[in-house]
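Let us walk through this structure step by step.

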Amino acid sequence: MRDLTAVKAALKQHEIELPSWAFGNSGTRFKVFGQPGVPRTPWEKTEDAGQVHRFTGVAPSMAVHIPWDKVDDYQALARYAGDHGIRIGTVNANVFQDDDYKLGSVCHPDPRVRRKAVAHLLDCVDIMDATGSRDLKLWFADGTNYPGQDDIRARQDRLAEALATVYDRLAENQRMLVEYKLFEPSFYSTDIPDWGTSLLHCQALGDQAQVVVDTGHHAPGTNIEFIVALLLRAGRLGGFDFNSRFYADDDLMVGAADPFQLFRIMHEVIRADALRPAGGIAFMLDQCHNIEPKIPAQIRSVMNVQEATAKALLIDADTLAEAQRAGDVLAANAAMMDAYNTDVRPLLAELREESGLDPDPVAAYRRSGYPEKIVADRVGGTPASWGA
Ligand code: LRH
Ligand code: MN
């Protein structure tokens, strides 16, 4: 079994980034259920993200989504985040909610629409300059619904041109994270449907372009940890959008639907020695808490990532490697399963106490009075949501 001091040290410096939009109301095409106390502004989302970090100690940044988190002064927002013990992290562009984007954004047949989309992406880089963010995350809803609707290759040419324009604008310490998704909202072709398409574009652009793996964006049965191992080997894994799903892009709490898959993914990260911040992976959550209370859900999600990571850190690498070398299939699998079947909750509770935190972050948050405070304070105004 691994040296627990080293395991704790690795867990202590493992940071998980929170999505601002998961503090707001969200739902499906059938219904968006409102909740009392939901933030109404990026400032209130920042306050809530500060609470998750306060009780977990490992969520020191909040990703923003533009225009959902549009403010007049992004430097002020970054300072406000600092006042709440966190920082503004990844900047997410949004070219999927404007009427002009019905047939696509950067892949749209009309150059006017493509210029409009690229202008927004460049605005997002300006925002990164103001917030001090390293990463611009790009997910495009672009695609088609019927064969023949548009030329698949021509759309790739348009995409490559737009990405190159934005790439050239990046400062040397900034990165572009290109996210892929198999389908939805397009149902025949998606212009970046898989890791290979994202990787090809990233390799064509340069080293500051990396692939994002959203764990909800694959066909059922996809071996996601295989993709992770491959992207790490290629030096092109820029980050994760963590969530979980039973069927499609369900955006449920990470680790809720398939904790074993999350464990296998974190094993590949650790095997590549990429867990530490210098490994360059942005561990982000990307979830929708349609029915569950938002802040406790984010706290629980951070804990789920910690549990999967702790189990993966407990894999006895020497025993595993020896069994693999010897072709001892059962011993190799047992080395993984012994770690996975280890209850790491006492270890994590101890780690939190050593860090001056309550061993049970969800219970501590519930006792904090904050849930009642936001319900009492946040009356009137428009609760934040996707506004879809
Ligand atoms: C698309 C996606 C993308 C975000 C959005 C909130 O499904 O995963 O990462 O921009 O969700
Ligand atoms: Mn995502």
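Predicted model: local features only at pLDDT ≥ 70, side-chain atom pairs only at ≥ 80, totals over all residues.

Start with the shell around ligand 1.

The side chain of His-65 has an N or O atom 2.8 Å from an oxygen atom of ligand 1. For Lys-137, a polar side-chain atom lies 3.0 Å from a ligand oxygen. For Asp-249, the distance from a polar side-chain atom to an oxygen atom of ligand 1 is 3.2 Å. How much of the accessible area of ligand 1 does the protein cover? On its own, ligand 1 has 300 Å² of accessible area, and the protein covers 97% of that.

Two elements give two or more residues to the lining: strand E3 (87-92) and strand E10 (282-285). The largest share, four residues, comes from E3. By class, the lining of the second largest pocket divides into 10 nonpolar, 10 polar and six charged residues.

Next come the charged pairs. Side chains of opposite charge can pair when their charged atoms come close. The structure holds 31 salt bridges. One of them joins Glu-350 and Lys-8, with N to O at 2.4 Å. This pair links distant parts of the chain, 342 residues apart. Glu-350 sits in helix H12 (residues 345-354), and Lys-8 in helix H1 (residues 4-12).

Last, look at the backbone. Most peptide bonds are trans, and most residues other than glycine have a negative phi. Where are the exceptions? The bond from Ile-66 to Pro-67 is cis, with omega near 20°. Pro-67 belongs to the loop between strand E2 (61-65) and helix H3 (74-83). Glu-184 and Pro-185 are also joined by a cis peptide bond, with omega about 10°. Pro-185 lies between strand E6 (175-179) and strand E7 (189-190), in a loop. Asp-251 is not a glycine, yet has a positive phi of about 55°. The loop holding Asp-251 runs between strand E9 (237-242) and helix H8 (259-271).

Technical notes
Residues numbered from 1 in each chain as written. Chains lettered and ligands numbered in written order. Heavy atoms only, no water. Polar contact = N/O pair within 3.5 Å; in protein donor to acceptor, adjacent residues only side chain to side chain. Areas by Shrake-Rupley, 256 points an atom, 1.4 Å probe, with all protein chains shown as cover. Nonpolar A, V, L, I, M, F, W, Y, C, P; charged D, E, K, R; others polar. Salt bridge = Lys/Arg side-chain N within 4 Å of Asp/Glu carboxyl O.
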